[in-house]
Amino acid sequence: MTPYVLLSKKVADEIRLARQVRLPKETGGFLIGLRRGPHIEITDLTHQGTGDYASHTSFERRDPRHRKKILASWRASGSTESLVGDWHSHPCGAPEPSATDRKAWKTLAQAVGRPVIGVIEAASSTPGVFLAVRRGIRFGVRLEMVEEGQDYFLFAEGR
Ligand SMILES: [Zn+2]
């Protein structure tokens with residue numbers, strides 16, 4: 001079944017703003033959401049903390065507050081919302097993943113034991129949304145925006 005990824009505009013707006021605020025350095029965090037079968041709804045996110053490392057070309061999630069917020073969301077939602085991926089910004093250039101980005105998604109997918117979503121925010125109007133599975137030829141495939149609602153973007157694999 002083709003996985004659909006629903007990205008709330010609230011989350012998309014927060015990511016876009018965070019990129020602008022942190023320029024010219026990168027920023028990032030984790031994505032929190034719901035899974036229904038192969039489908040993922042991104043409902044919340046974590047932001048850069050003081051313990052994270054950010055440079056012009058890299059971002060490393062080291063602050064323990066990322067994990068704390070994910071755990072708090074999981075508890076508050078009755079164990080339905082959990083870690084579904086990560087996001088980071090590219091201060092310049094396209095929302096295309098680097099070799100480092102792909103490697104990090106692979107590690108995250110292995111840690112979670114499920115496919116994860118990687119979101120890259122660049123200067124383009126919509127973020128780059130990528131599906132990362134643990135193995136297989138579809139690893140790191142870019143999803144296309146197929147529908148825009150009042151408060152969401154819907155992404156799916158192109159044909
Ligand atoms: Zn990157």
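**The salt bridges up close**

Modeller: Happy to! Let's start with aspartate 44 and lysine 10, whose side chains meet in a salt bridge at 3.9 Å, N to O (that is, a side-chain nitrogen of Lys or Arg within 4 Å of a carboxyl oxygen of Asp or Glu). This pair ties together distant parts of the chain, 34 residues apart, with aspartate 44 in strand S3 (residues 39–45) and lysine 10 in helix H1. Helices (H or I, at least four residues) and strands (E, at least two) are DSSP runs, numbered from the N terminus. Before going on, please note that this is a predicted model, where local features need pLDDT of at least 70 and side-chain atom pairs count only at pLDDT 80 or more, while totals for chains, interfaces and linings use all residues. Residues are numbered from 1 along each chain as its sequence is written, and side-chain values use heavy atoms, leaving out hydrogens and water.

Aspartate 44 is buried at 17% relative accessible area, whereas lysine 10 is partly exposed at 46%; buried means under 20%, exposed over 50%, and partly exposed in between (1.4 Å probe, protein chains only). Lysine 10 also bridges to glutamate 14, at 3.5 Å from N to O. Those two both sit in helix H1 (residues 9–22), four residues apart, about one turn of the helix. Glutamate 14 is partly exposed too, at 27%.

Elsewhere, arginine 61 pairs with aspartate 86, their closest N and O atoms being 3.7 Å apart. Here the loop between strand S5 (59–60) and helix H2 (65–76) is linked to strand S6 (residues 82–89), across 25 residues. Arginine 61 is partly exposed at 24%, and aspartate 86 is buried at 4%. Through shared partners, salt bridges join Lys10, Glu14, Asp44 and Lys69 into one network. The whole structure holds 10 salt bridges.
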